[in-house]
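Welcome! Let us take a friendly walk through a structure that may be new to you.

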Amino acid sequence: MKKFLAIILALCMVASLGVFASAEPAKEITLWTYPIGKWVDAETMDALMADFEAATGIKVTVEYLDYTSGDDQVNTALEGNAAPDLIMEGPERLVMKWGVGGYMADLSDLYEIPEAAGVYDSLKKACQYEGTYYEVPLCMVAHNMAINYDVFEAADALQYIDLENRTWTTENFIKAVDAVYAYTGMPVATVYCGGQGGDQGTRALVNNLYNGTYTNPEHTEYTANSPENVKALELLQSWDAITFDPGIVAGDEIQLFRQGMLNISWCWNASQQTNADNGEPGFTNDGSRILMMNFPSEDGKAELCGGIWGFGVFDNGNPDKVEAAKEFIKYFCYDADEVVKAVRASSFFPVRADVQGVFEGTATEDIMNEYSAIFLPNLGDYYNVIPGWAGQRTEWWNMLQRIGAGGDVQAETNAFVEAANALAAG
Amino acid sequence: MLGQKSKASKAIEFIVILIIALLFTFPLYWIVTGAFKTAKEVNSTTPVWWPYEWTMANWEKLMGKLKAPLFEISIPFSQYWSEDGAPIAAVTGATVPAAIRWMINTVFMAVAAMLLTCLTSALAGYSLAKKRFVGRNLIFTLIVCAMALPKQVILIPLIREMSSLKFYNTMAAVIFPIVGWPFGVFLIKQFAESIPGEILEAARIDGAGELKTFNTVVFPMIKPGVGALAIFTFISSWNDYFMQLIMLSSTKNLTISLGIAKMQAENATDYGLIMAGAAFASVPIIVVFIIFQKYFTKGITMGAVKG
Amino acid sequence: MPMNKNRSGMSRALVRRETTAGYLFLLPSLVFFLTFVVYPMVMCIITSFFDSNMGKNTQDVFIGFGNYIELFQDPIFRGALKNTFVIVLVSVPVVMIFSLWVANCIYDMKPWLTSLFRVVFYLPVVTGSVAVTVVWKWMFNNYYGIFNYILKALGIISKPINWLGDPKYALGCIILILLTTSVGQPIVLYVSALGNVDQSLVEAAEVDGANHRQVFWKIKWAQIMPTTLYILIITMINSFQCFALIQLLTSGGPLHSTDTIMYYIYYTALKMSRYGYGNAMGVILMIIIAVLSGIQFKLGQSDS
């Protein structure tokens, strides 16, 4: 009996070894993604990755990063030789930080495929550094702002807004905010500066108010101390209706806006407008309507900050993995059907004019169409590709804290520009 | 400042302590009730002291979102030959909500760190206290100097070292620096000093070997110290957020503290989910603490008093 | 050796045996200590003399004391050094006094009450700093936090205080949270220590007419001295390592008012990728802490 069992056991082992040996070594890659729409939602991701595995036989393990400690995690992983194969984020990290740092694989060959020709030129430009492509973009958005429609209506402040184009001049913006302030008696908005989260909102606000710029057109030097920006910051500093809050970052500001404690959020986009975590999308927690707006500017024409997200490949010394990762990018960025699914999951917009109907038939179709019609055309210069980007973000919120505490605007912006330019010069 | 404590002053003292105690219980109360509140209540701008309607929605989200295998037993040292430098799993458990795996990771990490620390420190502390050998003073001085060192100081070298040893993103990377941290040796040495030399001499004359002497004579005498050290190590590694933050990266390898911190960073708006996570992280260990309170406190007690 | 002429061969064998046994007992601990503490410390000291940055193609450049010179001109570093010491110098004595006071009040209550209070004060320790932080963040909230809610309801303040956003209060708030998460263990220790005080000595003193205060300071204080020293050390270690609260609540702000050396090292190394500079800070802190521990140890030695 014992012998019999032993033989069976041995047979099983041989059989399993045989199976093991005969099976193709399945390729496996890892993808780390920052929270970009539903690219952070495990259910959506599992479905996308299962389709990809069925089509190519490549298994993808997904890890989810956050904006608070995600950068540290990637940096320690790079230091620990444990970087992922694929990463999803924007050019300011993928190109300017890790690409320039020498960690990323050259993706130029992915720009030679016919489909790549359709990618908007400004995006292509952002995804390369000195002629080498480090990122293939998947989706994009223009960051806007939002107001509490019901409160603005009750305060009779809607008269200052061009409701059709969602624009306002700086003059009208001041009147509108003062009207709301008079009506509620509470600060209408706050310049959040507790950290770098969502700083595109505060940058866009300051730059737009008097049509200033963040960098020079060549993206080599910072211009935050220009007279236009100083004027804007001085306005914000002296204004009771708008406070500076070094205790919060954009995530907290959005929450306060949804709770009705603030009536303006500077950190908004299509993904926020369609977010249903806390209740009906497009409404605050107590049911007020959220209205998306362009940033105010002197001539009423806003320049919105762009958000670009796509994939980069870490070169970990294994050509097979790099190939598999490129396979992944081709599949999600260039396959006619898959790109639609991938972009839809991001809840942002495609980066190619020939990708159409991403949100057709979905619940968010109306909002997304409205967004592409009103806000996407106002996409401004993508200046995030200036060297020293990661470091200057810290300088920016620290500068806002000093100005909020009563610091001299000209002196503080000068200090910011000096520090940021030093970082840009390397 | 009073001479004999009067009844009145005792009563006042009691009330003051009661108020402070309420403050201490508040965070836990808020976490546990918050975990069952609806999004509306948890986001309310006037405090909702008690959930109006109890909901399980937050728990469903906590348990539904991320998944991970219940456990993985990997082949020892397999990271040195595997293709991607990660350990090869030999046995993998069923897929469960990631929060459960995080809990298992945390318990494993804290228990392993505790056992290893106690074992190595007991041996070393005894040796430093009772053995006379060259280099003893040098080692002891080094230990005293390194004892209070915050781990952030050696952050970068430690990451690099863990990566070249292929420990990065494994529990070993969190556990080993805790074990290497010399506070335990110092503590046990202070205890072992009080072991009378005659007893050791007697054991030797009886022909007991070094290990037998340690087992039968030394260990029972330093046991209270080891108890104190065990509790201290368990709690401090449970709360050692920093090492976990820099050493662990994949979802399946996170600890519960990291998991919650991540939720907080990712979903600043989903407060209910964060509360459920925090409740899940703290309630089990509190229950354990209440049940074993007697042993916990007894362990520390004799330890420090005799020291 | 002529020195050992009068010693027997037996005792030389004994010395050898002692040495071997001593090192063998020490070995397991020493392996971990040398590999995961001493070696990184040495590497830390070495890199602190280099301009070492992140990047695959970058080379470390030897710059001597360059990092240290920059360090002493860096106002943020000086601020962080100051904040670190403020945290330690405030929290250590407060923790010691508060926990001794609480322990002294509760140790002779009815056993179930003593247990209850002990558990309550231990709660924040076992709940863990990360979970506790979630609640504190809400309590300190500028717009609807409970502190502002209560203070406004009581009419003490008219305008909400931005606790974590105001450089005047932020560090205080951090210390307050740190206190609640650090008094648990000292209270448990003191309760047991006070319970173990030799009652016959107390009674004898009372017979001699000593009052409550005299009994406490003359008899009990001396007996709980070893506990006090132990608490002093663990509290100091805990306070120096305060990190999660700062990372999760303030990121060192506002206006660097909650930057500590530990957070600034983390920030320099991981956000700015300046390893050499971060390591130089580590070395400074290492020296300070080593000296402090040394002094504390010597004091402890001479006391007991």
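The paragraphs below look at a strand in chain A and then at two domains in chain B.

This is a predicted model, in which local features need pLDDT of at least 70, side-chain atom pairs count only at pLDDT 80 or more, and totals for chains, interfaces and linings use all residues. Residues are numbered from 1 along each chain as its sequence is written, while chains are lettered from A and ligands numbered from 1 in the order in which they are written.

Start with strand E1 of chain A, residues 27-33. Helices (H or I, at least four residues) and strands (E, at least two) are DSSP runs, numbered from the N terminus. Of the 7 residues in E1(A), 5 are buried, meaning that 20 or more other C-beta atoms, placed from the backbone, lie within 10 Å of a residue's own. E1(A) runs parallel to strand E2 of chain A (residues 58-64), joined to it by 7 bridges; strands pair if DSSP finds at least two bridges between them. Between E1(A) and E2(A) the chain passes through helix H2 (residues 42-56) of chain A. This β-α-β crossover is right-handed: with the strands pointing away from the viewer, the path from the first strand over the helix to the second runs clockwise. E1(A) is also parallel to strand E3 of chain A (residues 86-89), with 3 bridges. A:Trp32 stands opposite A:Glu63 in E2(A) and opposite A:Ile87 in E3(A).

Now turn to chain B, with its domain 1 (1-64 + 269-278) and domain 2 (98-266); these bounds come from an automatic or database domain assignment. Their C-alpha centres lie 34 Å apart.

How values were computed. Buried ≥ 20, exposed ≤ 12 C-beta atoms within 10 Å, placed from the backbone.
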